[in-house]
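Please keep the structure in view while reading.

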Amino acid sequence: MIPAALEYHRPSSVTDAVKIIEEHGDEARVIAGGHSLIPLMKLRMTDLSHLVDMQDIADLKGINVDGNVATIGAMTTQHELIESDTLFRVAPIMREAALQIADPQVRDAGTVGGNVANGDPGNDMPGLMQALNAAFTLVGPDGAREVSARDFYEAAYFTAREEDEILTKVSFAVHGKGYAYEKQKRKIGDYATAAAAVLIEKSSLSCSSASIALTNLADTPIYCEDAVDALVGSSLDEAAIDAAVKAAVGASDPAEDNRGPIAFKKHCAAVIIRRAIERAISRA
Ligand code: FAD
């Protein structure tokens with residue numbers, strides 16, 4: 001199907017983009033890579049008459065590492081994440097996760113900002129951002145504010161972002177060692193049946209810090225605090241891993257759909273969470 005007629009805008013600054021959105025209210029929508037939005041427009045499932053293309057906004061592009069903090073512009077593509085050796089050095093989990101998104105064609109256009117702002121529970125970056133404890137910068141008519149990735153997701157496609165705000169960047173503290181992104185999917189290019197992002201740090205023989213977040217196992221990504229508590233301070237022995245897997249599966253709340261019934265999804269979750277924890281430990 002062909003999208004409905006609309007007015008196309010191509011601003012070169014965030015300020016101008018925000019002005020256009022403010023002027024046209026919920027009839028306007030920003031477009032980044034278009035890999036989630038254009039299919040909806042073609043199905044006429046969105047009702048918009050102003051499309052604000054952000055491709056020319058140079059401030060929204062690029063990866064920057066300053067000391068302990070990595071910042072990624074919203075219009076940075078998933079392909080650019082994979083290609084960046086700088087990012088790989090400070091947050092190798094980004095490359096591991098981005099390589100499991102869709103296929104090279106989608107990754108070539110799909111952006112970090114679109115992936116995290118969309119609020120699609122199937123997207124891989126939101127859970128990853130929760131594991132990294134990332135902050136999202138949102139810019140609207142009243143200026144800029146930061147929201148933690150762990151507070152951003154409210155329900156499927158509902159987030160803390162106001163309609164007139166643009167997500168301009170994500171930033172997080174660098175994390176180079178124990179990491180793993182595990183994803184179970186039906187076939188190459190598919191969204192996750194279940195996926196888990198795990199970060200683990202060891203100090204001498206015990207776990208000094210951990211972070212675990214899940215993708216597509218509920219309406220929103222899930223940061224698994226009880227699973228983290230089961231690992232931190234432990235010697236990362238079998239009992240601690242078992243307790244963490246149990247807690248993370250307990251925190252999940254999948255729905256039955258064409259990827260399988262709830263019991264199957266919980267089973268997949270248990271397998272991939274364990275694999276992710278064990279792989280992260282082996283790299284820590
Ligand atoms: P767009 O489609 O341009 O925008 C998506 C939504 O976010 C729109 O509502 C738009 O208004 C809003 N938006 C975009 N950028 C911003 C911003 N900076 N600030 C505020 N709002 C914004 N993703 C995965 O994570 N894992 C997968 O396995 C996966 N498989 C896919 C398979 C296929 C075949 C396709 C087509 C897509 C798949 N995707 C997958 C989705 C893909 O990663 C999308 O590109 C991504 O989710 C959206 O990014 P985008 O830049 O294309 O955003």
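The model under discussion is a predicted one.

**Domains**

The chain is divided into domain 1 (7-53), domain 2 (60-173) and domain 3 (178-283). Taken over C-alpha atoms, the centres of domain 1 and domain 3 are 35 Å apart.

**The sheet β11-β12-β13-β14**

An open sheet is built from 4 strands in the order β11-β12-β13-β14, with antiparallel pairing. Because β11 and β14 stand at the edges and each has a single partner strand, one side of each is left without a neighbour in the sheet.

Strand β11 (residues 178-185) pairs with β12 over 8 bridges in the antiparallel sense. Within this pairing, Ala-180 has Val-198 of β12 as its bridge partner, and Lys-185 stands opposite Ala-192 in β12. The two strands form a hairpin with 6 residues between them, and Gly-189 in the turn has a positive phi of about 90°.

On the other pairing of β12, 9 bridges join this strand to β13, again in an antiparallel arrangement. Ala-195 stands opposite Thr-215 in β13. The hairpin of β12 and β13 has 2 residues between the strands, and Ser-204 takes a positive phi near 45° there.

How many of the 12 residues of strand β12 are buried? In strand β12 (residues 192-203) the number is 9, and the strand is mostly covered. In general, the side chains of a regular strand alternate between the two faces of the sheet.

**Pocket and cavity**

Rolling a probe the size of a water molecule over the atoms shows where empty space is left. The second largest pocket holds about 210 Å³ of space. Its lining comprises 14 residues, of which Pro-121, Gly-122, Asn-216, Asp-257 and Arg-259 are the closest to the centre of the pocket. By class, this lining divides into 6 nonpolar, 2 polar and 6 charged residues. Domain 2 (60-173) and domain 3 (178-283) each contribute at least three residues to the lining of the second largest pocket.

A search of the whole structure finds 1 cavity of 30 Å³ or more. The largest cavity contains about 30 Å³ of space. Its lining consists of Gly-119, Asp-120, Pro-121, Pro-126, Tyr-153, Asp-219, Thr-220 and Pro-221. These residues divide into 4 nonpolar, 2 polar and 2 charged. For the largest cavity, too, at least three lining residues come from each of domain 2 (60-173) and domain 3 (178-283).

**Selected loop residues**

| Residue | Relative accessible area | Class |
|---|---|---|
| Gly-122 | 3% | buried |
| Thr-77 | 12% | buried |
| Asn-216 | 17% | buried |
| Tyr-157 | 48% | partly exposed |

Gly-122 lies in the loop between α7 (112-117) and α8 (125-131). With neighbours up to four places away in sequence set aside, Gly-122 touches Tyr-191, Ala-192, Thr-215 and Asn-216.

Asn-216 is placed in the loop between β13 (206-215) and β14 (222-223). Why does Asn-216 count as buried? The relative accessibility of Asn-216 is 17%, and buried means under 20%, so Asn-216 falls into that class.

Most residues other than glycine have a negative phi. Asn-216, by contrast, has a positive phi near 60°. Tyr-157 likewise has a positive phi, of about 65°, although it is not a glycine. At 48% relative accessibility, Tyr-157 counts as partly exposed, because that class lies between the limits of 20% and 50%.

Thr-77 is located in the loop between β5 (69-73) and α3 (78-83). Which residues is Thr-77 in contact with, leaving aside its neighbours within four places in sequence? They are Arg-107, Asp-108, Ala-109, Gly-110 and Thr-111.

Note on methods: Residues are numbered from 1 along each chain as its sequence is written. This is a predicted model: local features need pLDDT of at least 70, side-chain atom pairs count only at pLDDT 80 or more; totals for chains, interfaces and linings use all residues. Side-chain values use heavy atoms; hydrogens and water are left out. Buried means under 20% relative accessible area, exposed over 50%, partly exposed in between (1.4 Å probe, protein chains only). Contact means heavy atoms within 4.5 Å. On a 1 Å grid over the protein atoms alone, a cavity is a set of points where a 1.4 Å probe fits but cannot get out, and a pocket is an open set with protein on both sides within 12 Å along at least five of seven lines; lining residues have an atom within 4 Å of a point. Grid points are joined across faces, edges and corners, and a volume is the space filled by probe spheres set on the points. Ala, Val, Leu, Ile, Met, Phe, Trp, Tyr, Cys and Pro count as nonpolar, Asp, Glu, Lys and Arg as charged, and the others, Gly among them, as polar. Domain bounds come from an automatic or database domain assignment. Two strands pair if DSSP finds at least two bridges between them.
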